[in-house]
Structure formats: structure tokens, C-alpha cells
Amino acid sequence: DRSGRLIAHPDISLVLRNTDLTSLAQVKAALAGSTGITAEEAQEARDLRGHRVLSAHAKVDPLGWNIFVELPLEEAYGPLYASIKRSAMLLAGGLILAFFSGLLLARRMVVPIERLRAGAARLGRGELGERIEIKTGDELETLANQFNDMAGQLQESYADLERKVELRTQELARSVEELRTLGEVSQTVNSTLEIETVLQTIVAKAVQLSQTDTGAIYAFDETHQEFQLQATYGMDDALIDAIRHQRLRMDNPIAAEAARTRAPVQVSDLPEDPTQPVQNIIVRAGFRAVLVVPLLSPDGIVGALIVRRREKGTFASTTIDLLQTFAAQSVVAIQNARLFAEIEEKGRQLALASRHKSQFLANMSHELRTPLNAVLGYSEMILDGIYGELPEKAKGVLERVQKNGRHLLGLINDVLDLSKIEAGQLTLAIEDYSMAALVKQAVATTESLARTKGLALTAQVQDGLPLGRGDERRLTQVLLNLIGNAVKFTDKGEVAITAEAAEGRFTVAVRDTGPGIAEADQARIFEEFQQVDDTSTRKKGGTGLGLAIAKRIMEMHGGTLTVQSKPGEGSIFRMILPVRAQQGKEAA
């Protein structure tokens with residue numbers, strides 16, 4: 001009915017109240033159990049009052065009735081809603097519990113991990129003294145402890161590395177200083193031959209780099225078999241005088257041992273020895289350790305480098321090696337000084353011998369020239385018939401005597417000129433002269449010789465040549481030598497002379513069409529007794545003095561004598577000299 005009660009047929013003893021029906025399933029079960037009626041599926045519907053209800057009906061066959069059962073929707077879904085509510089409350093409680101549990105776990109995990117990250121970052125920045133503090137009692141604490149152990153090991157390794165780097169840096173700085181010092185010593189050895197300066201520099205650098213207190217270098221005198229003091233460093237005058245007055249002989253055990261073994265010898269604690277005066281002086285001066293490095297050459301011992309120290313103890317191997325290097329430099333310096341002294345002595349002897357030779361040549365040339373001039377004079381008078389007529393055969397012989405005599409006189413004059421130049425006794429007679437006239441005179445003198453060989457001899461002189469100043473006779477001698485050589489070595493063609501002036505200098509060139517001169521011989525032909533053809537069978541003759549004398553004369557005028565030539569193309573000799581030569585020039 002409208003009140004919600006289930007109304008049954010009077011024959012059906014079944015009363016169903018809504019309060020007993022909690023669900024559609026119960027209604028269906030009640031109907032099926034009480035009457036055997038099968039209810040249709042429940043559906044949502046609205047009752048007479050418009051409320052939403054859950055409705056189901058069933059047909060009663062004996063009566064032909066339809067039984068309807070209605071249940072308010074809220075009441076029907078009440079248990080479901082309650083269950084959902086309980087589930088939602090449980091889910092919310094679970095979520096809240098999970099959230100707070102997550103916060104707790106996150107705090108327990110993130111904070112240590114953040115400390116680990118920050119600690120690793122500090123270690124990465126090199127802050128190896130930092131330590132990570134984590135007390136979680138789990139793997140994170142173990143990891144933090146491992147980080148701390150690694151930081152400690154890195155700190156120790158870094159400190160050890162710093163020590164090694166510092167030591168290596170000190171070693172490199174020391175090596176650089178040693179190389180720089182050795183360079184300075186080498187420069188000193190190579191730049192001066194003053195033995196005292198070189199040895200003083202060596203012993204000073206040796207003491208400074210070996211970090212000792214004093215040092216000395218001795219030279220060994222083989223004649224007296226003793227070491228002589230040459231240079232010192234770090235010693236006062238009184239100590240130097242005391243040591244210098246005491247001879248260091250081969251009976252000194254330390255020096256003798258170094259000389260015998262040809263190796264450094266050191267004493268870490270010097271004792272007093274009544275038989276060794278030098279050693280006693282050193283000990284009384286406060287020195288206790290000494291190192292003796294022998295100065296060796298292939299021929300034997302040259303001297304000794306000695307360094308001393310006030311502190312007891314042995315010398316490091318690096319110090320010994322360094323001092324051996326200084327010892328080698330000392331040997332070079334001492335040998336250079338000895339060689340230089342020997343060279344100076346030989347030079348003085350050679351200079352004296354050269355002067356004696358020049359004086360001898362000058363005297364002999366003068367003595368030879370005087371009788372030779374007499375021979376030439378008498379032969380000329382005989383040819384002129386002063387002593388009567390001669391047969392033609394005798395005249396021919398006398399003419400050959402005169403020719404060879406004049407040739408010999410020329411050689412004697414060349415030797416005399418050269419000896420005067422070397423002895424510094426040849427002087428120039430400075431006076432005014434005409435270069436044009438000088439060239440013409442030289443051409444006229446040699447013209448017959450060129451004509452005899454069938455050569456053309458030409459001269460081209462610049463107009464308006466200035467008046468020159470110099471030794472006209474010597475310049476003529478130079479030009480005659482050049483023209484004579486050109487004619488002598490030229491078999492066909494011509495010999496041409498040109499003379500010009502420019503920028504205050506004369507240039508006189510002698511060009512020939514001869515065989516030419518190889519470049520390797522062009523410098524040599526200006527030396528004494530040198531010719532292009534040096535064989536004993538040379539065809540052109542001569543002593544090889546003419547060009548050497550000509551070059552010296554040109555240098556005395558402040559000029560030069562040069563040659564330009566190629567084999568097969570002839571030669572050009574050039575005289576270049578100032579228009580106004582100065583008095584007192586010496587040959588180079």
C-alpha cells in the first residue's frame with residue numbers, strides 16, 4: 001500500500017514489512033521462500049509521492065495477482081554508501097599515513113644524501129680536510145665513512161705530492177741555477193785569457209753552488225811536483241798568506257790520493273796532523289770537511305779544485321758531480337792560458353825571426369845590387385866599344401848577360417822592397433802627380449814588349465782628371481807590374497788600360513784577353529811567392545812577388561788592388577786609391 005507495507009491475499013499467510021526488507025535480494029528471497037513466487041529484477045522508479053525507489057514485482061499465479069515491492073533508494077543503497085564511506089575513510093587515513101610516512105622516510109633519506117652530495121662537492125673543490133657527519137646506522141653512514149676515508153687518503157696523497165713537487169721544484173731550480181752558472185763560467189772561459197779572472201770566477205761559483213764555505217784552485221807544477229795556489233774564494237788575507245807560504249806537495253795524503261786515483265777524495269772530519277802544515281792551518285781556521293777534485297787532462301794531472309766546509313759530514317754525490325764539471329772548466333782555462341803563453345812566446349820568437357829575416361834580405365839585396373849594377377855598367381861600356389871593338393859573337397853573349405843581369409836586378413829590387421815593407425822601413429814619397437801622365441808613361445814603357453808579342457796595347461784616360469797626391473814612382477811601379485803581367489800572360493788579343501776619377505778616388509783598370517784566373521786562385525796570387533802556375537816547369541817565369549808588393553803599396557796609399565776574372569775570359573785588375581793619399585799609411 002501507500003504506507004509501504006506489502007499486502008497479501010487473505011489466503012496467503014505472509015506479511016512483509018519494509019523494516020524487515022533491507023535489500024532487494026532479501027525481498028526476492030522472502031517471496032521465493034514463502035510463496036514460491038519468483039520476483040522480477042528490481043528497477044529504479046518513482047513511487048506515488050514522486051520519490052525515487054527501488055521497485056520489484058512478482059506474479060502470483062493461483063491468484064493472478066502482481067505483487068510489487070518498493071524500497072526507498074537511499075535505504076536500498078545505504079549499506080553500499082556506508083561501505084563506500086568506510087572505504088573512503090580508510091583510504092584517506094591510509095593516504096595521510098603514507099604521506100607522513102613518506103615525509104619521515106624522505107627526511108631520513110634526503111638529508112643524508114644531501115650531506116653526501118655537499119661533502120662530495122667540497123672534496124671536488126679540494127677541501128680535503130672536510131668530513132661528512134652522518135649517523136643513520138645504515139648503508140648511508142657506511143658510504144659517508146668511505147667518503148671520509150677517501151678524503152683522508154687524498155689529503156695524505158696530496159700532501160705527499162706537494163712535498164714531492166716542492167722538492168722537484170727545488171731540484172729544477174737548482175739545476176737551472178747550475179746550468180746558468182756553468183754558462184757564465186763557459187762564457188768567461190771563452191771570452192778572456194786572463195787565467196786569474198777565469199779561475200776566480202770558477203772557484204767562486206763552485207763554492208756558491210756546492211753550499212760550502214771556502215774554495216781554492218791549485219795548478220800542478222810537474223817540475224817541482226807540487227800544487228801552487230792560483231785562486232781562492234771565501235778566505236781572508238791572513239789565511240791565504242798562511243796557506244800560500246806552505247807548499248802543498250805530493251806527500252799530502254789527500255792530494256796524493258786524488259792524483260793517484262784520478263777521482264774526487266773527501267774527508268768528512270779533518271784531524272790535526274803534525275806532518276801536514278796546510279791541513280793544520282785549515283783545521284785551526286775551523287774547517288772540518290774537505291773535498292778535493294783533481295783537474296785532469298789526457299796527459300796527466302793539471303791541478304786540483306778544493307772546497308771546504310765548517311760542518312762535519314760527507315758531501316752529496318750531486319755536489320761531487322757538479323764540482324767535477326767545474327774542474328773540467330778549470331782544466332780548459334789553465335790549458336788555454338798555457339797555450340796562449342806558449343803562442344805569445346812563439347809569436348815573439350817568430351816576430352824576432354821575421355825582423356832578422358827582413359834585415360838579412362835588405363842587407364843582402366843591397367849588397368847584391370851594388371856589384372850587379374857594376375857588372376851591368378861594365379858590360380854596357382864594353383858593348384859601347386869603350387874598350388875596343390868586339391866580335392859579333394861576343395856582343396851577343398854580352399847582350400844576354402845584360403838581359404839576365406837586368407832580370408836579376410829586378411828580382412833583387414822586389415826582394416828588397418818586400419823586406420822593407422815587412423820591416424816597416426818602406427815609406428812613401430808623397431807629392432803631387434798627374435794620373436794621366438803616369439798612365440801614358442807606363443804604356444810607353446811596355447809598348448815595345450806588347451808589340452813584340454803582337455798584342456794591341458791601348459789606353460783610355462778620362463778627360464780632366466784631377467791632380468793626384470801620392471808616391472808617383474811607387475804607383476808607376478804598380479801599374480807597370482799589372483801591364484807587364486797582362487802582356488806576359490796574354491798570347492793574343494789586346495791589353496787595355498782605362499783611368500777615371502769619381503767621388504775623390506782614382507780607378508785604373510788593366511784588362512787583358514788572357515787565359516783568366518780561377519776563383520780559387522784569385523786571393524792566392526796576391527800572396528808572396530805565389531803564382532797561378534806553381535809548377536817547377538812553369539812557362540811564364542817570375543818570382544810571385546810583384547802582385548804582393550803592388551797590393552802592399554796600394555794599401556799604403558789607402559787603396560785596394562782587386563781582380564775580376566773567369567777562366568777563358570781574361571782578367572781585369574783594378575787599382576782604386578784616393579786622389580789625395582795621406583802621409584804615413586802602412587801596409588796591411
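Predicted model: local features only at pLDDT ≥ 70, side-chain atom pairs only at ≥ 80, totals over all residues.
**Stop 1: two helices**

Select residues 435-452, helix α10, and then residues 472-489, helix α11. Their axes come within 9 Å and cross at roughly 35°. The crossing is right-handed. Now show side chains. On the α10 side of the contact you will find Leu438, Val439, Ala442, Thr445, Thr446, Leu449 and Ala450. Facing them from α11 are Glu472, Leu475, Thr476, Leu479, Leu480, Ile483 and Val487. By class, this contact has ten nonpolar, three polar and one charged residues.

Stay on α11 and pick Asn481. Beyond its sequence neighbours up to four places away, Asn481 touches Gly546 and Leu547. Keep those two in mind for Stop 3.

**Stop 2: the largest nonpolar core**

Select Met435, Leu479 and Ile497. Within the largest nonpolar core, which has 39 residues, these three touch the most other members. Elements that each supply at least two residues include α10, α11, β13 (494-502) and β14 (505-512). Others are α12 (546-556), β15 (560-565) and β16 (571-578). α11 gives the most, with seven residues.

Zoom in on Ile497. Leaving aside neighbours within four places in sequence, its contacts include Val439, Val443, Leu457, Ile483 and Val508.

Then move away to Met235, Ile240, Leu248 and Val265. They belong to a second, separate core of 26 residues.

**Stop 3: an enclosed helix**

Go to α12. Ten of its eleven residues are buried, so the helix is largely enclosed by the rest of the structure. Gly546 and Leu547 are among the buried ones. So are Arg552 and Glu555, along with Ile549, Ile553 and Met554. After α12, click Gly558: its phi is positive, near 80°.

**Stop 4: aromatic pairs**

The whole structure holds four aromatic pairs. Visit two of them.

Select Phe220 and Phe227. The ring centres are 5.0 Å apart and the planes stand at 55°, so this pair is tilted. Both residues are buried.

Finish at Tyr433 and Phe506. Their pair is also tilted, at 6.3 Å centre to centre with 50° between the planes. Tyr433 sits in strand β10 (residues 431-434) and Phe506 in strand β14, so the pair ties together parts that are 73 residues apart in sequence. Tyr433 and Phe506 are both buried.

Notes: Residues numbered from 1 in each chain as written. Heavy atoms only, no water. Axes fitted to C-alpha atoms, helices over the stretch in contact; angles between N-to-C directions. Helix = DSSP H or I, 4+ residues; strand = E, 2+ residues; numbered from the N terminus. Left-handed = near helix turned anticlockwise from the far one by under 90°. Contact = heavy atoms within 4.5 Å. Nonpolar A, V, L, I, M, F, W, Y, C, P; charged D, E, K, R; others polar. Core = buried A, V, L, I, M, F, W, Y, C linked by side-chain atoms within 4.5 Å. Buried < 20%, exposed > 50% of the residue type's maximum accessible area, 1.4 Å probe, protein only. Phe/Tyr/Trp six-rings, centres within 6.5 Å; stacked < 30°, edge-to-face > 60°.
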